[in-house]
Amino acid sequence: MSPNRRIGVYVCWCGGNISDVVDVKKVVEVISKESDVVVAKDFMFMCSDAGQRMIEEDVKEKKLDAVVVASCSPKLHELTFRGAVTRAGLNPYMYYHANIREQVSWAHGNDPAEATRKAIRHIRAGVAYLRHAEPLKKIEVKAARSVLIIGGGVAGLRSALDLSRMGLNVYLVEREPFVGGNTAKLWEVYPYKRKGWEVIDSILKDLLGRDNVAIYTNAEVRSVSGYLGNFEVKVEIKPRGFRGRCEDLERVVSVCPIKVPNEYDFGLTNRCAIIAPPYPGAYPEIPSIDWKNCVKCRKCAEVCDQIELDDEVQTVRLKVGAIVVATGFRPYEPRQGEYKYGSSERVLTLPQFMKLVERSGGELKLGNRTIRTVVFIYCVGSRQVPSGDEKVNSYCSRYCCNAVMNLSVRILDRFNGLKLYHLFRDIRTYGKHELMYEEACKKGVIFIKYDENQPPEVLVSGKRTIVRVRDLLTEREELEIPSDLVVLVTGMEPTPNEKLNEILKLPIGKDGFYQEMHPKLKPVETTLAGMFIAGACQGPKDIRESVLSSSAAAAKAATLVLPGRIELEPFTALVDPERCNLSKRCVDECPYGAIQIRRYEGLGEKAWVNEVLCKGCGACVAACPNGAINIRGLTNVQIEEMIRAAGRE
Amino acid sequence: MISYVGIDFAGLQHMHYPATTSIMRLPCSSMIRPEWIILALKNGFDGVFVAADGTDCPYLRDCTDRTAKRIDDALKLAEKEGIEPQRIKMAAICSVCGEPFANHMHNFYRELKELGPVKR
């Protein structure tokens, strides 16, 4: 035990929040008799300037080594008082914050006497903690002033632009041949009738030509090593197959024998193995070979001298301080036969229908047939009801109600004589989208509520398509709606990223999207230091929400790496090599790969903690059979002494 | 970390639970060495309740499973020491689990009262 620590204890009234229940005078009287406590005081508001000044003066005058403040939860003012003791010349970690408001006075207003004893126990534990406290230093690591962004949709591009403007080097890696993601494929989006690609284009205009941005398309992250501030990233870039633009791209495309669904219109049509820039202003503006489907028949190379089919994959190595993951979503693809999807050409998904609308002139047509009646079925692929062990999307995709409402209003403005039926389970047009809902109602959209246990049925016979639904609001009256087109209002699914997930090891939530550290307090941070998530890879989001979260992620990443160095809390694990008996259980227990076996001078091989990788969870502390691992700032001795002190009456 | 916020939340909502509790904060419940639980039971406490973070834990998503293993080990130690296993309890307490926490405390208090003090 450290001899003769000089500890000051300060008990806060919190204006009465504490002192109305806890007998603060009694607490001070009891605590001042504890050994090592040289001063104990109570005060109306300890966090006030006057309160903090009192502590600072005491530290100096009474030559205190350490301070306990007993007040609100440490979540509120622990940092405040660490600051106060630092100003007085103490190490910030020679401080203990005893919680006697949230965990005492507020919880035990019915039992003041026992509440007072509990406050004393909490403070005693604090005093015991400080008897064994040692000054600690924050861990400082250098940080590369550059950021990797994975995914070049609206979220990734927005993050890239923000980070670039803040003066950081930005590397953006996009798996597809063109940036723009799902947003670029959309038609007019709420609220300004701008098309998706126009939204992308307005970001690209600012982004392209900035000299601190590198964009890699056809590229995938192959490995990530290192840690916060110092990630080493390997990126593989597939060749485009094109050296430049083709003069007659139409002819080149026509000679390709391959036919696969065109992802740029959500499979509404087919494309060949040459992917032309799919929309105006697409970046890069050069076509790309689709290597997955190309059979290298070389017919295209015969008609265009810009094609080179034998270029090799390139590898680049990057050093970045932080990583923003913005891999977006995948539109839900209905199962074969789900509401006759795939078996009837008159059943489309919402994104496909949007593309159909985009391509229509003055008349809305599917093939040669004019469309007069459209039935929309809501919640396809979202809020699925589980049956058996099958994995279902139980979440709401949030954007689909808004998207279908927006699209309905737009097409009613554009085409005459349309009749729209919306078969819904519930409608979630939150925020300003309510206006769109209202407008859809005014324009004559017919809304029919169905029960999730009695979903609508799509019946196809010959040229007729009928949707049968039971209307929940008219006592389940059965309705049959003859329709020209059935549109499944599909939701969002996580982008399949198996390889990337293995590399990054980002936590994944129960819905399959990346999980933030805390939904409210750390909404774009992840448990992996230096890795942030932006946009719909975190969960369904509309464009506005994606942009919001990507700007937030950019700001968080920049805050970390802009200074070029990073300070980390010193609460990391430390191995006592003399006690380590090399059980290696800590190595297996550590989820961050922070523990290695190293050779120690004179002791041989023992466990060693990389303090930059260590998050201080303490799992290794419990796993060690010899008690050879401690967390700095919360050592085993401190914990044991705190238990003894609190248990003593 | 998360459960600590949940316990704060109980106070924030002025939910009463027995004041004969003492609360100790750990970064993650999986840090608990089983012998600390026994130490507490031998040093004035009649029961030890471990509030695990559940899947919200910022450190370890599986911290509850890991903590459960520590509890298993603590129960084995308790058996050797002749301490009743009912004195050791664990539950996941989320950041807004104020009410479940208060309920756990009421029930645990009642059970410990029936059990009487630890034979030392």
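Is E525(A) buried or exposed? In this predicted model, E525(A) counts as buried, because its relative accessibility is 11% and the cut-off for burial is under 20%. The residue sits in a loop of chain A, between α13 (498-504) and β31 (531-533). Leaving aside residues up to four places away in sequence, E525(A) touches E516(A), M517(A), M531(A), F532(A) and K556(A).

The overall build of chain A comes next. Chain A has 649 residues, and 56% of them are buried. Its secondary structure comes to 17 helices and 36 strands. Along the principal axes, the C-alpha atoms fill a box of roughly 95 × 65 × 45 Å.

One strand of chain A can be followed in detail. Strand β3(A) spans residues 66-71, and six of its six residues are buried. Both faces of β3(A) are covered. A66(A), V68(A) and A70(A) lie on one side. V67(A), V69(A) and S71(A) lie on the other. β3(A) pairs with strand β1 (residues 7-12) of chain A in the parallel sense, over five bridges. In that pairing, Y10(A) has V69(A) as its bridge partner. β3(A) also pairs with strand β4 (residues 95-99) of chain A, again in the parallel sense and over five bridges. Here V68(A) stands opposite Y96(A).

Several backbone features of chain A stand out. Most residues other than glycine have a negative phi, and most peptide bonds are trans. C14(A) has a positive phi, near 50°, and is not a glycine. C14(A) is found in the loop between β1 and α1 (24-31) of chain A. With a relative accessible area of 12%, C14(A) is buried. D36(A) is another non-glycine residue with a positive phi, of about 75°. Its place is the loop between α1 and β2 (37-43) of chain A. D36(A) counts as buried, because its relative accessibility is 16%, below the 20% cut-off.

Y190(A) and P191(A) are joined by a cis bond with omega about 0°. P191(A) lies in the loop between β8 (188-189) and β9 (194-195) of chain A. The bond from Y283(A) to P284(A) is cis as well, with omega near -5°. P284(A) is in the loop between β15 (274-275) and β16 (288-289) of chain A.

The size of an interface is often given as the accessible area lost when the parts come together. Chain A and chain B bury about 3,800 Å² between them, with 58% of it on carbon and sulfur atoms. Q103(A), W106(A) and I643(A) supply 16% of the area that chain A buries against chain B, more than any other three residues. In contact terms, 50 residues of chain A face 42 residues of chain B.

Polar links cross the interface too. The rule finds 19 residue pairs in polar contact between the two chains, both members at pLDDT 80 or more. By class, the side of chain A that touches chain B has 21 nonpolar, 17 polar and twelve charged residues. Five helices of chain A, namely α3 (74-87), α4 (101-105), α5 (112-131), α16 (619-623) and α17 (636-647), each supply at least two residues of that side. The largest share, eight residues, comes from α17(A). Three salt bridges are found across the interface. In one salt bridge, the side chains of R25(B) and E78(A) meet at 2.9 Å, N to O.

On the chain B side, helix α2(B) spans residues 34-42 and is mostly covered, with seven of its nine residues buried. The buried residues are P34(B), W36(B), I37(B), I38(B), L39(B), A40(B) and L41(B). They pack against α16 and α17 of chain A. Within chain B, they pack against β1 (48-52), α3 (63-81) and β2 (88-92). Just after α2(B), G44(B) takes a positive phi of about 110°.

Note on methods:
Residues are numbered from 1 along each chain as its sequence is written. Chains are lettered from A and ligands numbered from 1 in the order in which they are written. This is a predicted model: local features need pLDDT of at least 70, side-chain atom pairs count only at pLDDT 80 or more; totals for chains, interfaces and linings use all residues. Side-chain values use heavy atoms; hydrogens and water are left out. Contact means heavy atoms within 4.5 Å. Buried area is the accessible area (1.4 Å probe) that two parts lose on being put together, summed over both. A salt bridge is a side-chain nitrogen of Lys or Arg within 4 Å of a carboxyl oxygen of Asp or Glu. A polar contact is a pair of N or O atoms within 3.5 Å; within protein, one must be able to donate a hydrogen and the other to accept it, and residues adjacent in sequence count only if both atoms are side-chain atoms. Helices (H or I, at least four residues) and strands (E, at least two) are DSSP runs, numbered from the N terminus. Ala, Val, Leu, Ile, Met, Phe, Trp, Tyr, Cys and Pro count as nonpolar, Asp, Glu, Lys and Arg as charged, and the others, Gly among them, as polar. Buried means under 20% relative accessible area, exposed over 50%, partly exposed in between (1.4 Å probe, protein chains only). Two strands pair if DSSP finds at least two bridges between them.
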